[in-house]
Amino acid sequence: MTTRWTAVRALRDRTAGRCLTAVVVSGFGTSALWLASGVWVKDLTGSDGLAALCMLAMWAPTLAGPFLGTLADRHRRRPLLVALSLFMAVLLLTLCAVDGPEELWLLYAVLFVYGAAGTVHDAAESALVAGAVDRSLLGDFNGLRMTANEGMKLLAPLAGAGLYTAYGGPGVAVLDAASFLAAALVYLSLRVREERPAPAREGGRSATAEGVRHLWGDAGLHAGLRPLVLAGGVTMLCAGVSGALTYAVVEDLGHSPAYAGVLYAVQGAGSVTVGLLSGPALRRLGARRFAAYGISLLAAAVALRAVPYDPAAWACAAAVGVGLPAALIAVLTGVQQRTPGPLLGRVTATAGTLVHTPNVIGLAAGAVLVELLGHRAQLVALGVVLGVTAAVLLGQSPASADRTAARSASDASPA
């Protein structure tokens, strides 16, 4: 092979390999619960609106990402990950008490805490990996993480649906609790050296603002983080609107709504592929160019979804699966490589809020616009916006600094 298969090196790294194992284990339970919770509420109440609130309850805490990420910087990351996993394992067991509409408040409360804990967990894990893994392998790890997550999205919902049919919502909750318990055991097995974080010199609000300043201020601009995160946010906004048009696209193809599942499976296959190739691509191109090329591919794919032709729809689904994760992997890797360790938790969580919040806004906007405007015109317009975003990102500055940062291992240090 002309390029070193560094994904194997990342897997052989003790910390990276075990963190990835924890991602796979807990991600399986999470994906199963995402599906089952909405079905559970629908069965108990018959309400589509109340079922949709499950997703909102899990997503809403990400708005507090800058604050929640600060918690990941106030504590040693490995013990925090163990504690969060054990806490969620116990909390999920309380869902066994949900037996009727009158207990739905408990389900929503658990899902809300689930989302908040997940935000802290992701920030702590990102900081732990960034400090313990050679920085030249961070792109490979993040790509493998994306591959694992997408793989779970293909497999876990089927398992969750089967378990729900056999044992109901409590059965899925027990499965998710078991997955968190297994993840806690994996984190316990990690051997990393972590210094106790220095005592906070500032209050909670000031500490949170410090992370925002790093990402959004001059430091973030000179390191290329601000343009990268802005491009990620615009991309996710357009992806949200495009996602809301999926069923209109399927209808235009002349298929039943269930055909959307086929397109999602093809998209997932594309995401698995780009996850395996992202490490070498990031080292060769740098985070900014890698993101820009991914957004360019996404722009073409979104615009061509307007063509009512099955082979084109399949090709576009695969291209979306490649282009969208490329931008997300580039943002996370760029943040990890260019942020000091003591700030990494809150900066990661802040970037997550700025990138992922527009996706939900886009979904809501798309749900409204699809009733007012033709989906074809919207898809072409979204393709143009994404193309402009990619062009602006490419034109910001030369990518040599990106490549240097991606290849350098000199900054790697124990967590």
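## Cysteines

Taking a disulfide to be a pair of cysteine sulfur atoms within 2.5 Å, the count for this structure comes to 0. Cys19 counts as buried because its relative accessibility is 0%, and Cys54 counts as buried at 2%, where buried means under 20% relative accessible area, exposed over 50% and partly exposed in between (1.4 Å probe, protein chains only).

## Basis of the model

This is a predicted model, in which local features need pLDDT of at least 70 and side-chain atom pairs count only at pLDDT 80 or more, while totals for chains, interfaces and linings use all residues. Residues are numbered from 1 along each chain as its sequence is written, and side-chain values use heavy atoms, with hydrogens and water left out.

## Nonpolar cores

A nonpolar core is a set of buried Ala, Val, Leu, Ile, Met, Phe, Trp, Tyr and Cys residues joined through side-chain atoms within 4.5 Å. The largest one has 56 residues, and the members that touch the most others are Phe290, Ile295, Leu386 and Leu393. Among the elements giving two or more residues to this core are helix H13 (287–304) and helix H16 (375–395), while H14 gives the most, with 12 residues; helices here are DSSP runs (H or I, at least four residues), numbered from the N terminus.

A second, separate core of 55 residues includes Ala16, Tyr114, Tyr164 and Val186.

## The aromatic pair

A search of the whole structure finds 1 aromatic pair, meaning rings of Phe, Tyr or Trp (its six-membered ring) with centres within 6.5 Å; planes under 30 degrees apart count as stacked, over 60 as edge-to-face and the rest as tilted. Tyr114 and Phe180 form this edge-to-face pair, at 5.6 Å centre to centre and 75° between the planes. Because Tyr114 lies in helix H6 and Phe180 in helix H7 (residues 138–188), the pair ties together parts that are 66 residues apart in sequence. Both Tyr114 and Phe180 are buried.
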